[in-house]
Amino acid sequence: VAVRAEAAAGGGINPAIRKEEDKVVDTVLTGELAKPLTAYCRCWRSGTFPLCDGAHAKHNKATGDNVGPLLVKK
Ligand code: FES
């Protein structure tokens, strides 16, 4: 965990999501059960990761960044 904390301090992009995992991987099944539109987080600040909860807006305002979600349409 200390190594991961150092990596984050040295420029990592994930500030807090599932840091106990070696690699954060999510699998999305597509097909008839898929929602018409789903927004997936790319800023690593969402409280509902891997789904976007709008937290990117606060991050962008605070940092001048321009990140936004990945939209998946059925
Ligand atoms: Fe991360 Fe929207 S909350 S992209």
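These are my notebook entries on a predicted model of one protein chain.

**Conventions.** I number residues from 1 along each chain as its sequence is written, and for side-chain values I use heavy atoms, leaving out hydrogens and water.

**Confidence.** I looked up pLDDT (the predictor's confidence in each residue, from 0 to 100) and found a chain mean of 88, with 86% of the residues reaching 70 or more.

**Overall layout.** I counted 2 helices and 2 strands, taking both as DSSP runs numbered from the N terminus (helices H or I of at least four residues, strands E of at least two). Along the sequence they follow the pattern α-β-α-β. The accessible surface, from the Shrake-Rupley method with a 1.4 Å probe, comes to about 5,700 Å², of which 59% belongs to carbon and sulfur atoms. I call a residue buried under 20% relative accessible area, exposed over 50% and partly exposed in between (1.4 Å probe, protein chains only); buried residues make up 19% of the 74 in the chain. With contact meaning heavy atoms within 4.5 Å, residues 24 or more positions apart account for 47% of the contacts with a separation of 6 or more.

**Loop between α1 and β1.** I found N14 in the loop between α1 (2-9) and β1 (37-40), where N14 is buried at a relative accessible area of 11%. I then checked its polar contacts (N or O atoms within 3.5 Å, one able to donate a hydrogen and the other to accept it within protein, with sequence neighbours counted only if both atoms are side-chain atoms). The side chain of N14 reaches the backbone oxygen of I17 at 2.8 Å, and a polar atom of that side chain lies 3.1 Å from the backbone nitrogen of A16. R18 lies in this loop too, partly exposed at 24%, and has a positive phi of about 45° although it is not a glycine.

**Loop between β1 and α2.** I noted that most residues other than glycine have a negative phi, and most peptide bonds are trans. W44, found in this loop, has a positive phi of about 65°, and the peptide bond from F49 to P50 is cis, with omega near 15°. For aromatic pairs I used ring centres within 6.5 Å for Phe, Tyr and Trp (its six-membered ring), with planes under 30 degrees apart stacked, over 60 edge-to-face and the rest tilted. The count comes to 1 aromatic pair: the rings of W44 and F49 have centres 4.7 Å apart and planes at 25°, so I record the pair as stacked. Both W44 and F49 are buried. C52 also has its place in this loop and is partly exposed at 23%; leaving aside residues up to four places away in sequence, C52 touches A39, Y40, C41, S46 and P69.

**Helix α2.** I listed the buried residues of α2 as H56, H59 and N60. They cover an arc of only 100° around the axis, by the directions from the axis to the C-beta atoms, which puts them on the same side of α2. The face turned away from that buried side carries the exposed residues K58, K61 and A62. After α2 comes G64, whose phi is positive, near 80°.
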